[in-house]
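This report describes selected helices, sheets and contacts of one protein model. Please consult the sequence and the structure as each section is read.

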Amino acid sequence: MIRFLHTGDWQLGMTRHFFSEGVQERFAQSRFDAIRELGRIAEEEDCKFMVVCGDVFESNLVDRKTVSRALEALKDVHVPVYLLPGNHDPLDAASVYHSAAFLDRKPSHVHVIENSAPIPVDEGIEIVGVPWLSKRPMKDLVALALQELEPAVDKVRICVAHGTVNSFSPDPDDPALISLQAVEKAISDGKIHYLALGDRHSLTEVGDTGRIWYAGTPVSTNYSEVKSGFALVTEISEEDAVAREVNVGRWKFIERKNIDFNTEEDIEALRNWFENLENKERTVLKLRFVGSISLLLYGELEELLDQAREIVGAVET
């Protein structure tokens with residue numbers, strides 16, 4: 001069995017409009033801390049390498065400081081790391097991966113996947129990457145890369161890609177959708193043994209082969225994410241594949257809708273709920289109230305929300 005760490009969607013340099021300056025810096029630092037935590041897990045789990053399945057950076061326009069801090073964090077990862085350009089950081093003319101800030105500081109064990117030629121990463125192990133070369137490809141890049149492959153003989157081949165699988169898309173006419181059928185056929189034909197995906201921020205198994213997964217983002221970014229804050233330690237052979245989740249993230253985005261709010265008891269219930277929240281400094285809240293309250297209770301509510309904003313990452317109402 002071959003063991004590696006599957007992650008993606010780091011989106012280093014991401015900002016959130018509802019964060020104050022201090023909270024934004026805390027959020028940014030958590031993303032660099034996550035790189036080091038992923039490196040610790042990879043070493044502890046005896047992983048051969050790590051794949052980062054797209055959107056390493058929030059965009060190709062991130063500042064030099066973000067690039068430098070990312071590469072400094074990657075120095076603390078003691079396994080080979082393979083970075084895949086995604087839709088946020090495509091390998092176009094303005095690519096961050098071609099910038100002096102990146103090239104001058106890139107550690108030797110960090111590799112950028114620039115094309116779909118098979119990459120030997122260890123004895124009997126190959127990676128086939130599918131990098132984005134623009135922000136809006138007009139074809140299924142994964143199907144195109146798989147089409148060019150011969151069956152893997154006496155080796156395990158891992159495909160590293162980014163994008164939306166057609167079974168999850170609300171837009172069936174998007175030409176860049178990844179065909180699940182094409183991937184499953186490539187697995188059946190022995191062309192690849194595992195598809196490591198990025199783009200979907202929630203940890204998600206795709207299909208029923210056990211060999212197609214989104215690892216999700218290691219640091220939560222939005223209320224809509226079902227299972228973010230994870231990565232996958234994956235063991236794979238020609239005969240079997242086992243993907244095991246590991247918890248990395250420390251941030252939580254919590255949305256509560258239709259909070260019934262009419263009485264003093266409702267104020268107390270909300271206050272108790274706030275008090276019982278764990279890891280408040282890394283929690284972001286969106287609260288939506290329904291009901292009717294007096295001006296006095298409204299004042300108490302505003303005071304409670306102001307107190308919460310002094311502690312939690314942010315409160316949106």
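## Terms and basis

Contact means that heavy atoms lie within 4.5 Å of each other. Helices (H or I, at least four residues) and strands (E, at least two) are DSSP runs, numbered from the N terminus.

The model is predicted, so local features need pLDDT of at least 70 and side-chain atom pairs count only at pLDDT 80 or more, while totals for chains, interfaces and linings use all residues. Residues are numbered from 1 along each chain as its sequence is written, and side-chain values use heavy atoms, with hydrogens and water left out.

Helix α7 consists of 15 residues, 295-309. From its first C-alpha to its last it reaches 21 Å, close to the 21 Å expected at 1.5 Å a residue; the expected span is 1.5 Å times one less than the number of residues.

Residues are called buried under 20% relative accessible area, exposed over 50%, and partly exposed in between (1.4 Å probe, protein chains only). In α7 the buried residues are L297, L301, L304, L305 and A308. They cover an arc of only 100° around the axis, which places them on the same side of α7; the arc is that of the directions from the helix axis to the C-beta atoms. The exposed residues L295 and L296 are carried by the face turned away from this buried side. The buried residues pack against α6 (264-275), β14 (283-290) and β15 (314-316).

## The three-stranded sheet

Strands of a sheet pair through backbone hydrogen bonds, either parallel or antiparallel. Two strands are taken to pair if DSSP finds at least two bridges between them.

Strands β14 and β15 run parallel and are joined by three bridges. L285 has V315 of β15 as its bridge partner. Axes are lines fitted to C-alpha atoms, for helices over the stretch in contact, and angles run from 0 to 180 degrees between N-to-C directions.

## The pair α6 and α7

How are α6 and α7 placed relative to each other? They pack at an angle of about 5°, with their axes 10 Å apart. This makes α6 roughly parallel to α7, a label used for angles under 35 degrees. The contact involves E264, I267, L270, R271 and F274 of α6, together with L297, E300, L301, L304, L305 and A308 of α7.

Residue E45 lies in the loop between α1 (21-44) and β2 (50-52). Is E45 buried or exposed? At 17% relative accessibility, E45 counts as buried. Leaving aside neighbours within four places in sequence, E45 is in contact with R3, V233 and R244. E45 and F4 are 41 residues apart in sequence and 8.5 Å apart in space, C-alpha to C-alpha.

Conventions:
Parallel < 35°, antiparallel > 145°, perpendicular 65-115°, else oblique.
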